[in-house]
Structure formats: structure tokens, C-alpha cells
Amino acid sequence: MPSQIMTSQPDAGGHFGTYGGRYVPEVLMSPLEELEHTYAEAKQDPSFHAELDYLLKNYAGRPTPLYYAKHLSDHLGGAKLYIKREDLLHTGAHKINNCLGQALLARRMGKKRIIAETGAGQHGVATATVCALFGMDCTVYMGEEDMRRQRLNVFRMRLLGAKVVPVTNGSRTLKDAISEAMRDWVTNVSDTHYLLGSALGAHPYPAMVRDFHRVIGLEAREQILQIEGRLPDAVFACVGGGSNAIGIFHPFIADSTVKLIGIEAGGRGTQLGEHAARFSGGSPGVLQGTRSYLLQDDDGQIALTHSVSAGLDYASVGPEHAWLHERGRAEYVSCSDANAVAAAVTLSRTEGIIPALESSHAVAEAIRLAPDRPNEIFIVNLSGRGDKDIDIYRENLQELDHEAGETA
Amino acid sequence: MIAYLTAGDPTPDATPGFVAALERGGADLIELGVPFSDPIADGPVIQQAGDRAIRAGTNLARVLAIAAEIRKTSEVPLLLFTYLNPALRYGFERLARDAKASGIDGCLLTDVSVEEAGDYVKAIRDAGLDTVFLAAPTSTEERLKLVAKYSSGFIYLVSRTGITGEQQTIADSAMPLVQRMRAHTNLPLAMGFGISTPQHVASLAGKVEAVVVGSAIVRQIEADSTKLEDFMRGLCTPILKKAAIF
């Protein structure tokens with residue numbers, strides 16, 4: 001069905017092929033229907049788009065540049081690398097695109113309390129930011145392990161007036177934070193909107209979150225046509241839940257010559273529990289509202305995951321990615337912790353751009369392929385900036401601290 | 001009176017004895033919870049019971065073996081109560097066949113909405129087992145109609161918006177839901193979520209055909225399983241008539 005893949009829209013039940021759908025306890029079905037209807041109405045309302053566009057431009061800082069990374073490209077001696085600078089957005093990552101859209105929807109529904117989950121803390125910070133802007137009450141669930149890894153973002157959220165609730169269940173990471181947010185939502189549906197931060201969960205979230213991030217791909221496509229007069233040969237993006245990736249991929253889906261390459265967390269090994277590479281190590285299943293690829297054991301219990309990057313450390317992946325994978329329209333590969341950190345060093349030193357650890361995974365794959373593709377054009381989605389990851393970079397690059405110590 | 005317990009908590013071998021105690025204490029139907037790693041509809045008591053059961057090696061196949069063990073000595077109706085993913089992994093048809101052979105009477109998967117239930121309902125019903133669905137205070141009339149259509153055996157009413165766990169009082173949302181559900185079905189109605197004391201049970205007696213107690217039983221097993229039968233008898237005291245379900 002090539003026509004379906006050209007547009008890649010879900011059916012009325014939110015299915016992308018056999019993926020997606022709506023698998024939640026009955027209590028949540030009517031709030032999901034309410035959200036679906038509110039979003040469908042808003043999409044037809046010019047004033048909704050006008051307000052969102054205004055905020056994206058004047059508050060978040062869109063459009064973001066498509067920057068030609070000449071020094072990195074020269075250094076690699078192959079493909080020309082362009083970087084989509086989502087890291088320059090307000091709050092430091094692409095997440096704000098979706099948060100502004102959903103905050104407008106929450107206001108339309110008359111919901112004054114917002115809850116969210118966060119992994120790396122970027123979505124939590126973006127949520128806390130829009131709640132401050134809209135005067136909404138904000139509670140963010142975050143795994144205890146992620147709070148340790150991302151303590152600067154925890155403080156940023158608190159500074160913005162949000163309540164950050166540590167989640168101590170299971171692996172104490174993103175998956176457990178989502179479960180806890182769903183429990184809160186089940187309990188407080190009448191006055192609360194769940195501002196889900198990735199292209200995950202039950203319908204309409206995967207398609208709605210994607211739509212709010214499509215602006216990344218729409219801009220990038222226009223920009224590359226303007227600069228180079230042609231489409232890129234490949235687009236690279238990291239894939240945790242997959243929101244930045246689906247945002248930049250989606251407007252290129254119909255351009256069959258453009259390779260779409262998603263990069264998952266290869267962690268520190270290929271054994272179950274050592275990585276978050278769902279497409280190479282997982283199989284279809286249902287978790288947290290949606291059917292997609294999952295890391296699971298033979299009993300259908302969800303596996304623990306590992307990644308140096310909290311934002312990619314998740315056992316499932318957005319259902320539209322599962323569909324693009326199955327149709328062969330996008331290719332999914334993985335990058336190890338070590339290669340991601342090395343790529344961050346390379347980008348920092350060739351271009352003066354310190355990437356978020358998540359985005360470093362995408363940079364690493366582009367760096368790997370570029371030398372063998374001399375006449376090609378690559379676009380890498382730099383979904384976030386690296387300030388939040390400085391502690392982890394320090395842990396992984398201890399020789400830099402020693403260097404400083406010797407010269408001091 | 002319907003009693004929920006997490007099968008395999010603290011060990012798979014302990015479950016048949018607990019079920020016998022609950023039955024002696026007055027339980028008319030047992031919900032055997034199959035532990036799942038990410039139970040989004042459950043509060044901390046049942047989550048932790050599930051973690052203990054998984055650590056003790058409990059999986060769906062083991063729960064079916066537990067059911068077969070219970071069946072050797074008891075006719076108490078057994079409802080398999082879990083989430084979709086373990087059932088999906090096991091396979092619906094295989095589950096239906098093996099559950100039937102183990103003496104299971106019906107299934108409830110908390111995260112299967114009626115919209116996504118087609119294949120599952122067909123497989124389970126074809127094996128002659130019942131499919132129970134949840135109805136919630138937030139369900140629209142249209143949804144209650146669908147819940148009635150896909151349910152057999154009985155319908156499980158969720159007393160309030162929220163997760164499983166003990167509460168001080170029965171939510172105000174409980175009674176209107178009973179009335180609304182009756183308009184769409186003649187099936188028996190069971191009410192659960194937050195019901196934990198004889199007073200709660202008394203307030204629902206005569207209004208629904210059965211009440212479900214879960215977290216309070218799981219907590220009693222954790223605290224002192226030797227008093228489980230007495231605890232169950234205490235909960236059942238307010239009920240004059242035994243529930244007739246299945």
C-alpha cells in the first residue's frame with residue numbers, strides 16, 4: 001500500500017498498520033476521546049494555529065537555523081553535514097514545540113492542572129515552562145535514577161514552579177515515570193491534562209505529538225531546498241520515544257529518495273537490559289497504551305533498559321516508527337554509549353556545539369557514514385543542547401578534569 | 001463476594017492454600033491476578049505484590065498450573081485478571097485453550113478497551129470462557145453499551161476514577177454508575193476499586209450482585225496470611241445472600 005505510506009496517517013482508531021491504537025483502562029477512554037475531539041476541532045480553527053505560530057516564533061524562537069557544519073564536514077571529508085538547530089530553542093530542546101501545542105489544548109478543555117513524565121528532564125522543563133507561561137499547576141513525574149542523572153533539570157523545573165515527584169518503582173526511569181503519570185491521570189481526570197512528551201501512548205497522542213513537531217521537518221525541507229536547491233540524501237535523528245525523529249522525518253516521507261535513519265541507544269552491549277535498541281532486540285507488544293516494538297522477556301514482562309542518555313532509555317518506541325520500520329521507509333540503527341560520547345566531543349571541538357547526549361547518538365551515525373558518501377547531503381536533527389549532560393560528560397571524560405588539574 | 005489476590009505472591013506454592021482460606025471465609029469467586037511488570041491500573045499494594053510474584057518465578061503458565069491445582073479440590077469460579085501484554089505474548093488461542101483446561105472460568109484484561117477487544121473476545125469465548133470488561137464513572141452511554149456487548153459472566157464496575165487501593169469511603173460516583181449500567185445489561189454487576197472494609201461491603205449489599213475486595217486482601221496476605229480466612233469472613237459478614245455469578 002504505497003499510498004498509505006506516502007502520507008502515514010493513522011486510521012480512526014489511531015492505528016498505523018497494526019501498531020498504535022488505544023490500550024488503556026476504561027477510566028481513561030473518555031478523557032482520550034475528549035482530547036481527540038478537542039484536537040480535531042483546534043486543527044480546524046485558524047485562531048488556534050495563529051496563537052501557536054505566534055508562540056513558536058516569539059516565545060520559543062522558531063524557525064531554527066539549518067546550519068552547514070563546514071568544519072565537521074571538512075574534517076570527515078565526505079558528505080556535507082547540515083545541522084537542524086533545535087538545541088537553540090527556548091528551554092534547549094525540541095520538546096517546547098509539543099508543550100506549547102498541548103498547553104493550548106488544555107486551556108481549550110478548561111483543564112488547569114498539568115501532569116507530565118520526563119526522562120532526561122527536557123520535556124519536564126518544557127512542561128514547567130509552558131505551565132508558568134499559562135498559569136497552570138504543574139506536576140512532573142521523574143524516575144529517581146533520572147533525577148540523579150539530570151539534577152540540573154530537576155532544579156530548573158522547581159525554579160519554574162513545578163512539583164517534581166520522584167518515582168521509585170521498577171527501573172526508576174522514563175517507563176516508570178509514564179506509569180506513575182498515568183496513575184495520576186486515572187485518579188484526577190476531571191481537572192487534569194496529561195501532557196505526554198513523546199510520540200507514544202494511546203491515540204491521539206502519537207499523531208498529535210508528531211503534528212506539533214512536524215514543524216522541524218517542514219522548516220528543514222524548505223531550508224535545504226533554498227540552500228542546496230535539492231533534497232538531502234539522508235536525515236538522521238535519535239529515537240527514544242521518537243518525537244524529534246518523527247517530527248523531522250514526517251515531511252520527508254513522500255520524498256522516496258531521502259533516507260530516514262533513526263538511531264536508538266545501543267548502550268553498553270547487545271544483551272537484554274544493556275541497551276534500548278527496540279528494533280534489533282525487541283518484538284511487538286503493548287505497553288502504556290500503544291502497540292509497538294518492545295523490549296520484553298518470554299513472559300511478556302517489560303525488560304529493563306540502559307542508556308547513558310536518560311531520554312533514550314525506554315523499552316518501547318512510538319508506534320509510527322514501528323510502522324515506518326515495518327514498511328521499510330525508515331531504517332533504525334543503534335549507537336553505543338561510548339560512540340555517542342565520542343561524537344559529542346567531535347562536534348564540540350569542530351563546531352563549538354555541545355550536543356545533548358540523546359542528539360549525540362544521531363551525530364555519531366552521521367559521522368560514521370559521512371566519509372564514504374562524498375557527494376551526499378546529510379541533515380542531522382540536533383534535538384537538544386548538552387548543558388544538562390555536563391555531569392555525565394564529566395563522568396565519561398575524566399581525563400579532561402585531570403588535564404585541567406595539571407595545568408592549574 | 002469476589003476476592004482478588006496476586007497469584008504467586010509471595011510464592012506460587014502458597015497461592016492454592018490462600019484461595020482455600022478465602023473460599024472458607026466466604027469468597028464466591030476468586031480473581032487470580034497474573035503479575036505484570038508495569039501495572040498502570042494498580043496502586044502500590046498490588047504493584048509490590050506483583051513484583052514479589054515475578055521475582056518468585058510467577059508467569060502466566062505458572063498461574064494456570066496454580067488454577068489446575070486449585071481445581072483438584074474446589075469448584076470456586078476463577079477469573080484470570082491481568083494486563084494485555086502477558087496474554088499477547090502467550091497467544092490468545094493458546095491462552096483460551098490452556099485456561100479452559102486448567103479450570104479457569106473467565107478473563108479480564110484491564111488495559112484492553114472494547115475497541116481493541118475483537119480478537120481476544122473471539123478466542124476466549126470460542127473456548128467457552130467468559131470475558132469480563134470494566135465500566136467506569138467516566139464511561140459515556142455509548143461506551144457502556146459496548147462494555148455490555150463485549151462482556152459475559154458479569155460486568156466489573158470501577159467505583160471511582162483512580163487506581164486499585166483502599167479508601168476511607170465509597171465514592172459518590174459509584175451508585176449513579178450502577179443505575180446507568182443497568183440500563184444497558186441484565187448481566188450481574190460487581191463493584192470494585194477502593195472497597196476494603198465490612199462497612200463498605202454493607203453499604204453496597206443489595207445494590208450490586210457482588211463486590212470485589214483486592215488490595216485489602218493482598219495486604220492481609222503480606223501482613224499475616226494465617227488470619228486470611230478470618231479476615232475474609234469479617235468482610236463477608238454484611239452479606240446475607242451469596243452472590244450468584246458464573
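Buried here means under 20% relative accessible area, exposed means over 50%, and partly exposed is what lies in between (1.4 Å probe, protein chains only). With that cut-off in hand, D137(A) is partly exposed, its relative accessible area being 44%.

Some bookkeeping before the rest. This is a predicted model, in which local features need pLDDT of at least 70 and side-chain atom pairs count only at pLDDT 80 or more, while totals for chains, interfaces and linings use all residues. Residues are numbered from 1 along each chain as its sequence is written, chains are lettered from A and ligands numbered from 1 in the order in which they are written, and side-chain values use heavy atoms, with hydrogens and water left out.

**Where the chains meet**

Start with contact, which means heavy atoms within 4.5 Å. By that test, 34 residues from chain A and 34 residues from chain B take part. The size of an interface is often given as the accessible area lost when the parts come together. Buried area is counted that way here (1.4 Å probe, summed over both parts), and between chain A and chain B it is about 2,800 Å², with carbon and sulfur atoms giving 50%. E26(A), R183(A) and Q301(A) supply 26% of the area that chain A buries against chain B, more than any other three residues.

Next, the polar side of things. A polar contact is a pair of N or O atoms within 3.5 Å; within protein, one must be able to donate a hydrogen and the other to accept it, and residues adjacent in sequence count only if both atoms are side-chain atoms. Between chain A and chain B, 25 residue pairs are in polar contact, both residues at pLDDT 80 or more.

Helices (H or I, at least four residues) and strands (E, at least two) are DSSP runs, numbered from the N terminus. On the side of chain A that touches chain B, β2 (19–23), α2 (29–43), α9 (174–187) and β11 (283–287) of chain A each supply at least two residues. The largest share, seven residues, comes from α9(A). By class, that side of chain A has twelve nonpolar, 13 polar and nine charged residues; Ala, Val, Leu, Ile, Met, Phe, Trp, Tyr, Cys and Pro count as nonpolar, Asp, Glu, Lys and Arg as charged, and the others, Gly among them, as polar.

**Salt bridges**

A salt bridge is a side-chain nitrogen of Lys or Arg within 4 Å of a carboxyl oxygen of Asp or Glu. The count over all chains comes to 53, and four salt bridges cross the interface of chain A and chain B. Here are some of the pairs:

| Pair | N to O distance |
|---|---|
| R89(B) and D298(A) | 3.7 Å |
| D137(A) and R113(A) | 3.9 Å |
| D211(A) and R210(A) | 2.9 Å |
| E264(A) and R278(A) | 2.7 Å |

E264(A) sits in strand β10 (residues 259–267) of chain A and is buried, at 1% relative accessibility. Its salt bridge to R278(A) has the closest N and O atoms 2.7 Å apart. Since R278(A) lies in helix α12 (residues 278–281) of chain A and E264(A) in strand β10 of chain A, the pair ties together parts that are 14 residues apart in sequence. Both E264(A) and R278(A) are buried. Beyond its neighbours within four places in sequence, E264(A) is in contact with several residues, including V239(A), F279(A), Y332(A), C335(A) and H361(A).

**Strands in chain A**

Two strands pair if DSSP finds at least two bridges between them. Strand β5 (residues 113–118) of chain A runs parallel to β6(A), joined by six bridges, and T118(A) stands opposite M142(A) in β6(A). Strand β6 (residues 137–143) of chain A is mostly covered, six of its seven residues being buried. The side chains of D137(A) and R113(A) also meet in a salt bridge. D137(A) lies in β6 and R113(A) in β5 of chain A, so this pair ties together parts that are 24 residues apart in sequence. R113(A) is buried, with a relative accessible area of 16%.

**The sheet in chain B**

Nine strands of chain B form an open sheet in the order β5-β4-β3-β2-β1-β9-β8-β7-β6, with parallel pairing. β5 (130–131) and β6 (134–135) of chain B stand at the edges with a single partner strand each, so one side of each is left without a neighbour in the sheet. Strand β1 (residues 2–6) of chain B is joined to strand β9 (residues 210–213) of chain B by two bridges, and I2(B) stands opposite V212(B) in β9(B).

Methods:
Buried area = accessible area lost by both parts, 1.4 Å probe.
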